Amino acid sequence: MSMFTTRPEILGTFGVVASTHWIASAVGMRMLEIGGNAFDAAVATGMALQVLEPHLNGPGGDLPAVIYSARKDKVEVICAQGPAPAGATIEHYTREGMDIIPGDGLLATVIPGAFDGWMTMLRDYGRLSLREVMEPAIHYAEHGHPVLPRVAATIAGMTDFFREEWPTSYETWLPGGHAPAANDIVRNPVLAETWKKIVAEGEAKSGREEQIEAARDAFYKGFVAERMSDWLKTAAVKNASGRRHKGVLTADDLANYRATIEAPVTYDYHGWTVAKTGPWGQGPVLLQSLAILKDIDLAGMATGGADFVHHVVEAMKLAYADREVYYGDPNFASVPLDHLLSEAYNHERRKLIGATASRDLRPGRVPGFDAQHDATMALLEAMSPTGQGVYEPTMAHLSEKRGDTVHIDVIDREGNMVSVTPSGGWLQSSPTIPGLGFCLNSRAQMFWLKDGLPTSLAPGKRPRTTLTPSLALHEGRPAMAFGTPGGDQQDQWQLAFFLRHVHHGLNLQEAIDLPLFHTTHFPSSFYPRSRQPGHIMVEETIGAATLTELEARGHEITVAEPWTVGRLTATKRDANGLLRAAATPRLMQAYAIGR
């Protein structure tokens, strides 16, 4: 008999959509109903989420997608992570008085990649028109939607700052001088007009692909780019440094940007092949964690027992330590991924998992990378303070003012699959651009202002992000798309979900509903880059016996309230064509739909 779950695992054969907002999931399902495929559905869902969760993503943000095209019979990655602008040099930021890049303001901005990512997906993989996929987002921006309590709380918390420092944001989010209450109908008419004009410029061309290309040009070379760059020439805004700074993004940066399509990084694990982004994102840490855990008998451990949590956490500490030293944009740095994912290397890493919790950050030593290892560790010693870590900026235990992310999974009846994690362009991290109705991202905070590291700031380099969608094949057959928001915790929550599904035979909803946990042992990717050695957060529902045993093993435990950790969604296609979907009940907004 299956266990009780908060929601049913959705089953069907026509299509499934799971996202972090119920309206967005319904929008994606509509695209399938009118003849679109998984890619059309993902684009429409993503555009809608920019309106519905503006504190978590926006048009000025970024996205990575791991996709499977049935037509091409190929798993690919769409990288719409914009790189640093041409003027983003360590020298310039140092002259501005920075030793670390703050998480807000204009110096934290890289080139916005999200719109080009969506247009690339639509043009190359979808089949619906530009208007069809953008109409739902335009509708909700123009006519309004019930604002999430967390959006209302974010705006309320920023009211004084917006009034005093970011007047364009005040006009956008507090029309008439009033912050919205939870569930008020909220509109963004300026954004609606921006999108209407983009659609109109697209439809001035004939041909579907030509219209989509004209739309992306309107954003990167046309009126959007012009308004953005004109504003940036004079805008100087206050950030966490307490001082006002101008940004470095220019019209040339925008005009020269293109999203890319890349091969995924993969790892084989107990009959599954997991596909992730390259090391310009943190995705390979999930693969490395699997490599470390590969020969440990997780199936023989209780899914919520201390043995399971301990071994998974200790493996993640090792994989994330390697992330700190070795990951970065492979266009700029040599990243020894083959070595980091090799059997021999992880056999040695596995030996480091002891009976008690480690308090040390223990990256491995890779031949030829000793100087990089030592320089990184010296930097972290100096710049990564111990204390409360900022790892997942919208969970209940942290400030509402920080930004985070959304996630979408879609599978259609043809077997096309999308796992995509859009983020950036948060309303609380950068001021609203006048005349456009959206703001820029703050992804540059993930760079270091020290030369010679894979994550050193440099023009044209992609920041090493935390955005990490997942797609998994089972015995060579594309089978599952899954992911979550959550900053540094994204691969941690996904790992627990995946292991419980693979080793314990739990269905998608059962695996999502089980108590979650994560470690804040390693340096955060977010300003101020702090860490909490030996610390893990665990949902109370895991049980007193497990919590007591974990403390006995030396883990520093923070007990989270029930149903407060994680925002996972997942979709799956069985060999017989049966489709499955599930979404977390946590935060009471994610939803899976299918038939």
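What share of the contacts in the protein chain with a separation of 6 or more comes from residues 24 or more positions apart? The figure is 74%, where contact means heavy atoms within 4.5 Å.

1. Basis of the model. This is a predicted model, in which local features need pLDDT of at least 70 and side-chain atom pairs count only at pLDDT 80 or more, while totals for chains, interfaces and linings use all residues. Residues are numbered from 1 along each chain as its sequence is written, and side-chain values use heavy atoms, with hydrogens and water left out.

2. Overall dimensions. The C-alpha trace of the protein chain spans about 60 × 55 × 45 Å along its principal axes.

3. Secondary structure and burial. The protein chain holds 19 helices and 21 strands; these are DSSP runs numbered from the N terminus, helices being H or I of at least four residues and strands E of at least two. Of the 595 residues, 66% count as buried. Buried means under 20% relative accessible area, exposed over 50%, and partly exposed in between, with a 1.4 Å probe and protein chains only.

4. Surface and charge. The 54 positive and 67 negative charges have mean positions 2 Å apart. Lys and Arg count as positive and Asp and Glu as negative, without His and the chain ends; each charge is placed at NZ of Lys, CZ of Arg, CG of Asp or CD of Glu.

5. Helix H13. Residues 306–326 form H13, whose 21 residues should span 30 Å at 1.5 Å a residue, and the end C-alpha atoms are 30 Å apart, which agrees. The expected span is 1.5 Å times one less than the number of residues. H13 is largely enclosed by the rest of the structure, because 20 of its 21 residues are buried.

6. Helix H9. The 13 residues of H9 (208–220) reach 19 Å from first C-alpha to last, close to the 18 Å expected at 1.5 Å a residue. Its buried residues are Gln211, Ile212, Ala214, Ala215, Arg216, Ala218, Phe219 and Tyr220. Their cover includes helices H4 (114–125), H5 (130–143), H8 (189–203), H10 (223–234) and H11 (251–255).

7. Met228. This residue is found in helix H10 and counts as buried, at 0% relative accessibility. Leaving aside neighbours within four places in sequence, Met228 is in contact with Pro112, Phe219, Leu249, Leu254, Ile433, Leu436, Phe438 and Leu440. Glu414 is 186 residues from Met228 in sequence, and the two C-alpha atoms are 40 Å apart in space.

8. Ala86. The loop between strand E4 (74–80) and helix H3 (90–95) contains Ala86, which is exposed with a relative accessible area of 55%. Not counting residues up to four places away in sequence, Ala86 touches Asp253 and Pro459. Ala86 and Pro459 are 373 residues apart along the chain, yet 4.6 Å separates their C-alpha atoms.

9. Pro363. The position of Pro363 is in the loop between helix H15 (343–350) and helix H16 (370–383), and at 11% relative accessibility Pro363 counts as buried. Apart from neighbours within four places in sequence, its contacts are Ala321, Asp322, Val325, Arg349, His373 and Met377. Pro363 and Met417 lie 54 residues apart along the chain, with 34 Å between their C-alpha atoms.

10. Backbone points to check. Most residues other than glycine have a negative phi, and most peptide bonds are trans. Tyr527 and Pro528 are joined by a cis peptide bond with omega of about 5 degrees; Pro528 lies in the loop between strands E16 (517–519) and E17 (535–539). Trp563 has a positive phi, near 60 degrees, in the loop between strands E18 (556–560) and E19 (569–573). Trp563 is partly exposed, at 38% relative accessible area. Leu587 also has a positive phi, of about 70 degrees, and lies in the loop between strands E20 (579–583) and E21 (591–594). Leu587 counts as buried, at 11% relative accessibility.
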